[in-house]
Amino acid sequence: MHLGNYLGLVHESEQELAEALRKVGAHHADEPDIFQICQLLASWSDQHVQQLKPFIKKYSEDRSSEPDKLSRTLFDEPRKGSLALMRDLHDLWLLSNEVELCWIVIYQAAMALHDKELEATCNELSGQTKRQTAWLLTRIKQSAPQSLIVAA
Amino acid sequence: MEETRDSIADIWGERTPQYENWPVRVDQRLTEEPDHWVQSACVLCSNGCGMDIGVKDNRIVGVRGRAVDRVNHGRLGPKGLHGWVANHSPDRLTKPLIRRNGKLEEATWDEAMNLIVQRSKELIEKYTSGAIGFYTSGQLMLEEYYTLGVLGKAGLGTPHMDGNTRLCTATAAAALKASFGTDGQPGSYTDIDTTDAILLVGHNMASQQTVLWMRVLDRLEGPNPPKLVVIDPRKTATAKKATVHLAPRVGTNIPVMNGLLNLIIQAGQIDESFIKAHTVNFDELKKTVAKYTPEYVQQLSDVPADQLRAAADILGSTPTLLSTALQGVYQSMQATAAAVQINNLHLIRGLIGRKGCGIYQMNGQPTAQNNRECGADGDLPGFRNWANYEHVKELGRLWNIDPDKIPHWSPPTHAMQIFRYCEQGSIKMLWIQATNPAVSMPDLARIRRILAKDDLFVVVQDAFPTETTELADVVLPTAIWGEKTGCFTNVDRTVHISHKAIDPPGESRSDFDIFLDYSRRMDFRDKDGNPLIGWKTPEECFEAWKECSRGRPCDYTGMSYAKLSEGSGIMWPCNEQYPDGAEHIYTDGVFNTSADYCETYGQDLSTGAAKPQDEYKAEDPSGRAVIHAVDYEPPHEIPDDDYPLWLTTGRVVYHFHTRTKTGRSKELNDAAPEGFVQLSAEDAGKYGITEGDWVEVVSRRGRVIEPARIGEIEPGLVFIPFHYGYWDKDDRKRAVNELTLSEWDPVSKQPHFKYAAVSIRKTDPHSIREKVLSTKDELVEVVKGVVETVKSKL
Ligand code: SF4
């Protein structure tokens, strides 16, 4: 059974997402909304990690040893310039989609296993992940015209 | 001097007890006998009291309330009776000013307008019209907003237009849209005359809308008085009259509202058939509020469980209910979410759309409603939905332009974001009208730094020198109320006309004429090459606006200047179906939520994420109201060891906004000449502070010094009124927004003025130490400015 593989993956991805949200929030603290909302969304991912724990205990998890290429290269150095926020939001969107997909995969497995609890948890958490993605998309749409067209 | 009553000493005047029929009482104040009277309405708060202006020799000599008007039945409050003297203030701006060599110098209208036009054209050529932003007001007239909306959206095509209404009533609009599909107040002021219970949430009506409060006081003294439930952390004049007063800790409106809803649901006091036929999402609400037991609510908010029960008893059993909300909700954490719970209360009890059952999601400013209706706040005119391309095309047809000229490619830019774009340098021209952001915005040091930037061309249109005109590159002197004709709409949808009574001083011009002049000079044209803006007078503009409003909730098509000048103000919708206006909307329980009619597809109330059109269509509520359930989120800044107290802000009865007008009336100013910090006797004792002592209040963002006023506030909380800035007194830091947070509600984008963590200590404002401290502050600002400039040059 490879469920453990995906539990490990979603565990890692949620942690990465939370960390990346906090970094981006701090890099762009001058945007009055970014810090505040990124903190909120990060707290959701923290909560997801907590809710995941009983299932990791039940099914165990495989965690890959290699650091995630994407988040390591993307968020370590604060980006500068007018495009920076746009690109950071773009990358957060990719990460949150990764998490969302993980939940979908695990949900399918939970149904096959008839694990009602895991099913319910996947449902709830993927719903919240969708809300994270939706906010990122809204904010990206708002930034795009100004940063691509108007800003020098 | 002829004065029917002393409104400074006795704010609300003599009682005229009432039930169902509010007697007339005409309040009047004259300094001389007028030779004629001119019909108007008061513009010093959102109540919109009908008034006549007394004129003698081209000067205003007094005012009287209009007995026939449905809003005030002749009454006026202290601001209305006294505020008009500002028209004749000797320091009115009378000539355009242009900054030359760092100094504002007098110029001609041609020079000033040419400069603005030349700068606009250069910027558009180089960066597109996205480099131009507008920050407008809640105090212009309907015709001015509509003209501005059209020139911004169809002429320039910039998405960057918002009003200071963002600071005061954006949440009212957001909450109405979220629940009912579009903006538009469900209530009528006549609801007060018969209702059995009134709920006031974060709304100090006694101080804010004094005339509306007279109406309530008269009910309290008449037969069958209504029960009053007041939710406010301070024991305000309003709270003192309450049957039940709940004083929650700052930022805990959600737990209290959820707790009330829970008790009412548990007691089975809901209207199941209304819920089933006319709402969606009730089960979600039931589930969410279930954990907010009175004990849990007490733990979060400090409201005693038995008091919460007492309030729920009233709200759950009353056969009719009138609710109102204002800044205690709107400028607080989870603002939209909390305001929406008030709508939920009416929905689950089926108390909406009939006599005695109203909701006023209050506006602060007199013409805020028109700003929202006409699209001067970023929304599309007529409560149209920017994300609905059919609505955009409708406007394209109406204005005879390519609909893609209208900015609909991203959400309209809200005020805080406009200032952020200015800070970053992508907005290079900011045009400000009749508002004073250098005092009224949060985090003032930052706002001043932005307005002072070299690469930001700032145009300010105002009648008075203000802290903001000081920072302008071009100042345009404007005609104000009484000096121009136009209409405006109050909180209960009553539209008034205000006729020109006197000529404006010097060379000042109406905002309307300035916008027309700009459009002409910019040569904005429609598809056929005709001038985009075809109207020349306010009345012609009103006729054009009527067409824009046709078929929308705010339908004005049945009104005209002549009809508005006949007697009382008229409520919208006013059309073939309701030729004299409709007292209530949603009378049939059908709301404006259907996908092709609604003003928004909805937002996530925690994050503000927009719901996409296809998602909304898939679950089209088709006329049913949307119930939103929200959990409590603790505030982001909470008191700690360094900043152990909560700060909250608000108003005093004698002033409006930054006192631009009210501070120029001797009587109003003498009644409340100075800011203060209000603190509890417990805290005063703890810090060794006595009444009148100077107190320094410090937050993470700045410091102010205010005299102490002790009592009538919960321990742990301090209050400072927001009216006081620097134009008339500059001896110390005193504007409360030196302290407030740059943080906003994710849905309405209204800033959180209502809370910040602060520390206090007794001080002497004129001691050497303070001088040193304040110089140090300024030094730090200068250094920061230099660093910014260096950074931006790199
Ligand atoms: S209540 Fe408001 S509108 Fe009425 S007189 Fe007072 S300030 Fe003016």
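Predicted model: local features only at pLDDT ≥ 70, side-chain atom pairs only at ≥ 80, totals over all residues.
Local features were taken only at pLDDT of at least 70 and side-chain atom pairs only at pLDDT 80 or more, whereas totals for chains, interfaces and linings use all residues; side-chain values rest on heavy atoms, without hydrogens and water. Residues are numbered from 1 along each chain as its sequence is written, and chains are lettered from A and ligands numbered from 1 in the order in which they are written.

Chain A contains five helices and zero strands, in the order α-α-α-α-α from the N terminus. Helices (H or I, at least four residues) and strands (E, at least two) are DSSP runs, numbered from the N terminus. Of the 152 residues in chain A, 50% are buried; buried means under 20% relative accessible area, exposed over 50%, and partly exposed in between, with a 1.4 Å probe and protein chains only. The accessible surface of the chain is about 7400 Å², and carbon and sulfur atoms contribute 57% of that area. Areas were computed by the Shrake-Rupley method with a 1.4 Å probe, and for residues only the protein chains shown count as cover. Among contacts (heavy atoms within 4.5 Å) between residues of chain A at least 6 apart in sequence, 82% join residues at least 24 apart.

In chain B, five strands form an open sheet with parallel pairing, in the order E12-E11-E10-E14-E15. Two strands pair if DSSP finds at least two bridges between them. Strands E12 (244–246) and E15 (358–361) of chain B are the edges, each pairing on one side only. From one strand to the next the twist averages 10°. Within this sheet, E10 (residues 197–201) and E11 (residues 227–231) of chain B are joined in the parallel sense by five bridges, and Leu200(B) lies opposite Val230(B) of E11(B). Helix H14 (residues 305–317) of chain B lies across E10, E11 and E12 of that chain, at about 125° to E12(B). Axes are lines fitted to C-alpha atoms, for helices over the stretch in contact, and angles run from 0 to 180 degrees between N-to-C directions.

Helix H12 (residues 282–289) of chain B has the buried residues Phe282(B), Leu285(B), Thr288(B) and Val289(B). These residues are on the same side of H12(B), because they cover an arc of only 125° around the axis; the arc is that of the directions from the helix axis to the C-beta atoms. An α-helix has 3.6 residues a turn, so residues three or four places apart point the same way. The face of H12(B) turned away from the buried side carries the exposed residues Asp283(B) and Lys287(B). Cover for the buried residues of H12(B) includes helices H10 (253–266), H11 (272–278) and H16 (335–348) and strand E13 (279–280) of chain B.

The peptide bond from Trp572(B) to Pro573(B) is cis, with omega near 0°, and Pro573(B) sits in the loop between strand E21 (570–571) and helix H25 (613–618) of chain B. Phe383(B), not a glycine, has a positive phi near 55° and is buried at 0% relative accessible area. Ala434(B) likewise has a positive phi, of about 50°, but is partly exposed at 23%.

The structure holds zero disulfides over all chains, a disulfide being a pair of cysteine sulfur atoms within 2.5 Å. For Cys548(B), the nearest cysteine sulfur is that of Cys374(B), 7.7 Å away.
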